[in-house]
Amino acid sequence: MIVLGIESSCDETGIALYSADQGLLAHQLHSQADMHAVYGGVVPELASRDHVRRVLPLIDATLAEAGITRADVDGIAYTRGPGLAGALLVGASVASSLGWALERPVLGVHHMEAHLLAPMLEPEPPAFPFLALLVSGGHTLLVLVAGIGRYRILGESLDDAAGEAFDKTAKLLGLPYPGGPQLERLAAEGDPDRFRFPRPMTDRPGFDFSFSGLKTAVVNTVRNADEDDETRAAIARGFQDAVVDTFAIKMRRALEHTGAGHVVVAGGVGANQALRDRLREIAEDNGARVAYPRLAFCTDNGAMIAYTGYCRLSAGEQDSGRVDVRPRWPMDEMKPPGE
Ligand code: KG4
Ligand code: ZN
């Protein structure tokens with residue numbers, strides 16, 4: 001079985017082909033980041049239009065990379081949600097049209113489930129049950145994964161998502177969009193001892209997060225601090241250390257609570273090297289191992305959609321033929337494949 005995956009939930013068009021026998025055959029990505037950078041964030045209407053322009057040529061390029069044709073595709077998966085409605089509709093329409101024309105099953109998949117399963121594409125995938133920290137531009141979830149579609153959400157952010165906090169802090173420091181990776185680069189040069197920001201909610205039991213207080217602390221510091229590069233780098237470092245520490249404290253607690261043997265970090269913020277290194281230490285201290293997706297599969301991509309689609313299409317799931325998207329789609333609605 002070969003599944004074509006189409007990702008178009010936000011500002012990247014991602015296409016991939018996953019084969020049951022051979023694994024990932026090919027993947028291609030077009031990022032719109034430069035287009036949105038001048039506006040300081042994603043402009044939804046521009047995102048939809050660019051997906052329209054890119055999606056078919058990118059599908060052709062991915063088929064060519066794999067050395068196969070459309071007729072070789074056995075099923076089509078696309079991101080049904082969560083995400084931007086217009087952007088999602090582009091992927092959904094193209095997937096449904098192709099499915100109809102080729103007479104192949106089509107399935108809309110959950111973007112966050114796909115992020116969660118991204119480490120399954122690596123040579124040493126995690127074993128169930130594992131703990132996953134899902135940290136993207138819109139989500140911050142700590143999940144106990146008992147199997148595909150069997151997710152227990154232990155904690156989530158009560159306000160800003162982790163990626164949002166990175167992006168807003170980056171903006172305050174005058175860094176261009178998307179801020180996360182830029183902030184990480186700046187933080188690497190910063191003095192770790194100059195600014196200490198709060199580790200929100202770590203003194204309370206449980207696994208929830210909150211980043212709005214941290215953001216306010218950074219705003220106040222930026223307002224009162226000098227504007228030289230050294231100070232900006234030290235603020236970036238102080239912010240990143242606070243976020244990484246907060247996740248580390250909750251992850252340690254979750255490992256003790258669940259006894260899980262593997263730790264996964266996924267979603268765009270999962271590309272942050274300081275976070276990856278720190279969680280590895282925490283996991284190893286608790287006798288667990290990490291299973292991370294490669295950096296390119298932390299941020300949005302088609303490979304995770306093709307793989308998730310494969311898991312569910314191969315269990316007999318498919319759409320009814322109607323084009324529908326779920327801009328908001330709570331993860332606890334997920335069920336095991338085929339149920
Ligand atoms: O998963 P993703 O590509 O898209 C969503 O589904 O939201 O995540 C994007 C988020 C952005 O907020 C971006 O700034 C953040 O991930 N991000 C990072 C890094 N790379 C991307 N944050 C911190 N450090 C990074 N290296
Ligand atoms: Zn994402």
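A polar contact, as the term is used on this tour, is a pair of N or O atoms within 3.5 Å; within protein, one of the two must be able to donate a hydrogen and the other to accept it, and residues adjacent in sequence count only if both atoms are side-chain atoms. The structure is a predicted model, in which local features need pLDDT of at least 70 and side-chain atom pairs count only at pLDDT 80 or more, whereas totals for chains, interfaces and linings use all residues. Residues are numbered from 1 along each chain as its sequence is written, chains are lettered from A and ligands numbered from 1 in the order in which they are written, and side-chain values use heavy atoms, with hydrogens and water left out.

**Stop 1: R80**

Select R80, which lies in strand β4; helices (H or I, at least four residues) and strands (E, at least two) are DSSP runs, numbered from the N terminus. R80 is buried, with a relative accessible area of 12%, where buried means under 20% relative accessible area, exposed over 50%, and partly exposed in between, with a 1.4 Å probe and protein chains only. Display the side chains around R80: one polar contact goes to the side chain of Y78 at 3.2 Å, and another goes to the side chain of D319 at 2.7 Å.

**Stop 2: the cis peptide bonds**

Next, select G81 and P82, which are joined by a cis peptide bond with omega near -10 degrees. P82 belongs to the loop between β4 (75-81) and α3 (85-102). Then select F128 and P129, where a cis peptide bond has omega of about -5 degrees; P129 is in the loop between α4 and β6 (130-135). As background, most peptide bonds are trans, and most residues other than glycine have a negative phi.

**Stop 3: positive phi**

E103 is located in the loop between α3 and β5 (106-110), and with 70% relative accessibility it counts as exposed. M201, likewise a residue other than glycine, has a positive phi near 65 degrees. M201 is placed in the loop between α6 and α7 (212-224), and at 14% relative accessibility it counts as buried.

**Stop 4**

**Stop 4: ligand 1**

Move to ligand 1 and display the 19 residues around it, of which G137, D167, G180, E184 and G268 come nearest; a residue is near a molecule or strand if one of its heavy atoms lies within 4 Å of it. Look for oxygen atoms of the ligand facing the backbone: one lies 2.8 Å from a backbone N or O atom of G137, a backbone N or O atom of G180 is 3.1 Å from an oxygen atom of ligand 1, and a polar backbone atom of V269 is 3.5 Å from an oxygen atom of ligand 1. Taken alone ligand 1 exposes 560 Å², and the protein buries 89% of that; accessible areas come from the Shrake-Rupley method with a 1.4 Å probe, and for residues only the protein chains shown count as cover.

Which elements give two or more residues to the shell around ligand 1? They are α4, α5 (162-172) and α6 (179-188). Colour the model by domain, and the shell draws at least three residues from each of domain 1 (2-116 + 297-333) and domain 2 (128-292), with bounds from an automatic or database domain assignment.

**Stop 5: T231**

Finally, select T231 in helix α8 (residues 229-258). T231 is buried, with a relative accessible area of 0%, and its side chain makes a polar contact with the side chain of R194 at 2.9 Å.
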